[in-house]
Amino acid sequence: MKKITVLPGDGIGPEITREAVLLIEETAEKYGNEFTFQYEDIGGAAVDKHGTPLPQHTVDACRESDAILLGAVGGPKWDKEEASRRPEAGLLGIRKALKLFANLRPINVYPSLLDSSPVRPEIVKNADLLIIRELTGGLYFGTPRERRTGKYGTEAVDTLYYNEAEIERILRKAFELSRFRSKKVTSVDKANVLESSRLWRETADRLAPEYPDVSLEHMLVDNAAMQLIRDPAQFDVMVTENMFGDILSDEASMITGSLGMLPSASIGSEGPGLYEPVHGSAPDIAGENKANPLAAFSSAAMLLKYSFNMAGEAAAIEKAIKTTLDQGYRTQDIAGKGEKVLSTKEMGKAVRS
Ligand code: GGG
């Protein structure tokens, strides 16, 4: 039987993953599939129970599963923990342990949410892009990464490190995935300032002739941030390093109307993929049954499609989300003035029905 490890995590993570599991179960029943779900701790919840944000049994369970569904990690409760005991270390740790180097973040615009975007509807209406964020390198993992005492007192240092092989494998992923789309790749860097970006750009130019059917353009990250709001429809596949991708995809979520709408898939060369909403743990609304579960639902659709080749099931979930939105159902983050606001559970029920 196919096994999914569920990592609910912190804050709103447990609420949205509960709804996503119900959705997967119901879809599986309709299509005659069967899954087993194994629950494990990660993030702050794991710090509280096991003294570490990423217990070894969580890593083992993930390795032994066919796919992983994650909620969110983090929260003010753990803000004062030392770096290795912060919830985020659990998330970074599982990505690294499973070699999940490619994080796919599709930005889909739902027509009935056009007015929810802070960007004008005529600008966002044709937007449809895939942001590919490199996930296991860059500033998040480079060393040295430390606090130390120097000439001017306390210093802190992070290192933006990439080797050519890491850059090559993520760029190849972008070229390959663009072949299922419009065959246009925008590689985002800061090559006018950063040495790592110059290596990134050179690597992209070296690989491009191997993909003659794909057009490659380079864009500086500051310009990309501006262009995403000015004319998002110009992009198809955008590929970039870890931190640029984190920032640009949060910005791009505003095209869809809410960070609560953005799913993601983290994949490596082998082993299980990890699927999670792009949003964090939203501690301000945790436990209040207010969170938008739709990003978790789209992540569940990506899980079925990419890890189990269940494109029909994934399409059925995406269609149910669209229909629910077309019918006017909204959680608080995407509700307009005077629109009825549904709870997390009510939205879950509306999509499943
Ligand atoms: N579901 C995503 C999540 O929990 N994000 C919180 C977080 O710590 N993210 C770090 C990152 O993705 O860079």
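**A guided look at a predicted model**

Modeller: Let's start with Pro 144, which sits in strand β6 (residues 142–150). Please keep in mind that this is a predicted model. The peptide bond that leads from Thr 143 to Pro 144 is cis, with omega near 5°.

Biologist: Happy to start there. Which residue has a phi near 55°?

Modeller: That one is Lys 99, and its phi is positive even though it is a residue other than glycine. Lys 99 belongs to the loop between α4 and β4. Ala 282 is another non-glycine residue with a positive phi, of about 40°, and it lies in the loop between β12 and α10 (294–308).

Biologist: Is Ala 282 buried or exposed? And how should I read such a label?

Modeller: The label comes from counting neighbours: a residue is buried if 20 or more other C-beta atoms lie within 10 Å of its own, and exposed if 12 or fewer do. Ala 282 has 23 other C-beta atoms within 10 Å, so it is buried. Lys 99 has 16 C-beta neighbours inside 10 Å and therefore counts as partly exposed.

Biologist: Let's move on to strands. What should I know about β4?

Modeller: First, the general idea: in a regular strand the side chains alternate between the two faces of the sheet. Now the case here. Strand β4 covers residues 102–108 and is mostly covered, with 5 of its 7 residues buried.

Biologist: Which strands does β4 pair with?

Modeller: One is β5 (residues 128–134), joined to β4 in the antiparallel sense over 7 bridges. Within that pairing, Leu 104 has Ile 132 as its bridge partner. Another is β11 (residues 263–267), which runs antiparallel to β4 and is joined to it by 3 bridges. There, Ser 266 in β11 is the bridge partner of Asn 103.

Biologist: How is the protein divided into domains?

Modeller: The domain assignment gives domain 1 as 1–108 + 261–353 and domain 2 as 118–256. Taken over C-alpha atoms, the centres of the two domains are 24 Å apart.

Biologist: How many residues are in contact between domain 1 and domain 2?

Modeller: In general, the size of an interface is often given as the accessible area lost when the parts come together. Here we have residue counts: 17 residues of domain 1 are in contact with 21 residues of domain 2. On the domain 1 side, α4 and β4 are the elements that give two or more residues. The largest share, 7 residues, comes from β4. By class, that side has 10 nonpolar, 3 polar and 4 charged residues.

Biologist: Now the ligand. Which residues surround it?

Modeller: The shell consists of Ala 72, Val 73, Gly 74, Glu 88, Leu 91, Asp 246, Glu 276, Pro 277, His 279, Gly 280 and Ser 281. The elements that give two or more residues to this shell are α4 (87–97) and β12 (273–277). By class, the shell has 4 nonpolar, 4 polar and 3 charged residues.

Biologist: Where does UniProt place the feature "binding site"?

Modeller: In an unreviewed entry, UniProt places a "binding site" at Asp 222, Asp 246 and Asp 250. These span 29 residues in sequence, yet no two of their C-alpha atoms are more than 14.4 Å apart, so they gather at one spot. A "binding site" annotation from UniProt (unreviewed entry) also covers Arg 95, Arg 105, Arg 133 and Asp 222. Those residues are spread over 128 residues of sequence and are also spread in space, up to 26.7 Å between C-alpha atoms.

Definitions and conventions
Residues numbered from 1 in each chain as written. Predicted model: local features only at pLDDT ≥ 70, side-chain atom pairs only at ≥ 80, totals over all residues. Near = placed C-beta within 6 Å. Helix = DSSP H or I, 4+ residues; strand = E, 2+ residues; numbered from the N terminus. Nonpolar A, V, L, I, M, F, W, Y, C, P; charged D, E, K, R; others polar. Pairing = 2+ DSSP bridges. Domains from an automatic or database assignment. Contact = placed C-beta atoms within 7 Å. UniProt positions renumbered as here; feature names shortened; annotations may be inferred.
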